[in-house]
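Reader: Could you walk me through this structure, one question at a time?
Author: Gladly; here it is.

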Amino acid sequence: MRTIKTLQDLFRRYRRPGDIVFALLFLALAIFLLTQLGEQTKMVKRTKWYAQPSLWPTVAVYGMVFFGALHYISSLLSPRIPGRWREVLFWLKSLEFVAYFLIYVFTVPLLGYLPSSVLFALFLCARVGFRSPQMFLAAAVFGVSLAVIFRAFLQVKIPSGQIYELLPDTIRAFALTYL
């Protein structure tokens, strides 16, 4: 185990690739939130300062701006490490899964919760590289279990799919309630 020998060792900053991009984006977000404080929070007349609804959001946002600025300054002063844009590209790749989730959200009202959940689980199983029959079976069972637990047992009100309108009356009533 390494011991800290000097105060400089204690406060030494180890920069990572993409750190300055993150620091800049965080500072920009904090400044944007700071500009919105007057519209999003209110000061209430005849209320003590510590009971104001805007107190803690204001403290938090000013803290974000202050520490975001310190982070950005320390990133500027730290030695540059190659690989910044490769790191940023890696971050942007995660947006692919946000797009998949949004597609799933849009398909639930069309196909219904059960078919959408099963298709989404199967698609993600294939997308992340689990392509064996056992994995596809596990994904399908997970999708069915998810739908049954949320719709039948927990009684979560999820919109029924438009495709259920094509089912015969007796099956449609069951599908609208439990699937």
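Reader: What distance does helix α5 reach from its first C-alpha to its last?
Author: This is a predicted model, where local features need pLDDT of at least 70, side-chain atom pairs count only at pLDDT 80 or more, and totals for chains, interfaces and linings use all residues. Residues are numbered from 1 along each chain as its sequence is written, and side-chain values use heavy atoms, leaving out hydrogens and water. Helices are DSSP runs (H or I, at least four residues) numbered from the N terminus, and the expected span is 1.5 Å times one less than the number of residues. With 17 residues (95-111), α5 comes close to the expected 24 Å, reaching 24 Å.

Reader: Which residues of α5 are buried?
Author: Buried means under 20% relative accessible area, exposed over 50%, and partly exposed in between (1.4 Å probe, protein chains only). What covers the buried residues of α5 includes α6 (113-127). Those buried residues include Y100, Y104 and V108.

Reader: Is D19 buried or exposed, by its relative accessibility?
Author: D19 lies in helix α2 (residues 19-40). Its relative accessibility is 13%, so D19 counts as buried.

Reader: Which residue follows α5?
Author: Its phi is positive, near 100°. The residue after α5 is G112.

Notes:
Helices (H or I, at least four residues) and strands (E, at least two) are DSSP runs, numbered from the N terminus. Contact means heavy atoms within 4.5 Å.
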